[in-house]
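Okay, thanks everyone, let's get going.

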Amino acid sequence: FDAVTLLAMGGKMVFQGAPTEVVPHFTKLGYKLPYGENPADWMLDISSGTAKPETEEGGQQVLSGSDMDRLISEWKKVSDMGEKNKGTGEGGFNDKVVRPSFLAQYYLYFWRLFTQRFRSFRTILLDMILVVGSAYLATNVSGPF
């Protein structure tokens, strides 16, 4: 994936950016990724309010509506900084978007189309060979079947 967009309840954005930036972003906000947990599940737990930030004592806080508001406001601060620095190479998002040329897209489209058609042709041919072979064996083989 090029970017991850994470929405909280109500459709409010809590994160958008590179997948490698997700864990550091939420770690700064007090969330700790448990050892062995899938980061995607962890992100969904945070955005749904199930995961709770850790307290200074190492325990977990009870997540309240104000904590969810804090997540949303922290993201707004980060995204505002990104918009100010956009194109400067200083933390902006999508500083440079590289898209394939029209000819490259055209080539890929027809290559995939040809591959799918060829696979379908081979499958149909194999099915026909199996049916004809089974019919031949059923009619021409004598013996105890």
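Phe26 and Trp42 are both buried, and buried here means under 20% relative accessible area, with exposed over 50% and partly exposed in between, using a 1.4 Å probe and protein chains only. Keep in mind this is a predicted model: local features need pLDDT of at least 70, side-chain atom pairs count only at pLDDT 80 or more, and totals for chains, interfaces and linings use all residues. Residues are numbered from 1 along each chain as its sequence is written, and side-chain values use heavy atoms, leaving out hydrogens and water.

So, aromatic pairs: the structure holds 7 of them. The ring centres of Phe26 and Trp42 are 6.1 Å apart with planes at 85°, so that pair is edge-to-face. Rings of Phe, Tyr and Trp (its six-membered ring) pair if their centres lie within 6.5 Å; planes under 30 degrees apart are stacked, over 60 edge-to-face, the rest tilted. This pair links distant parts of the chain, with Phe26 in helix α1 and Trp42 in helix α2 (residues 39-48), 16 residues apart. Helices are DSSP runs of H or I, at least four residues, and strands are E runs of at least two, numbered from the N terminus.

Ring pairs also join Phe15, Phe26, Tyr31 and Trp42 into a cluster.

What else does Phe26 touch? Leaving aside neighbours within four places in sequence, its contacts (heavy atoms within 4.5 Å) include Leu6, Val14, Ile46 and Leu71.

Back in helix α1, residues 22-28, there's also His25. His25 is buried, at 6% relative accessible area, and among its contacts are Trp75 and Val78.
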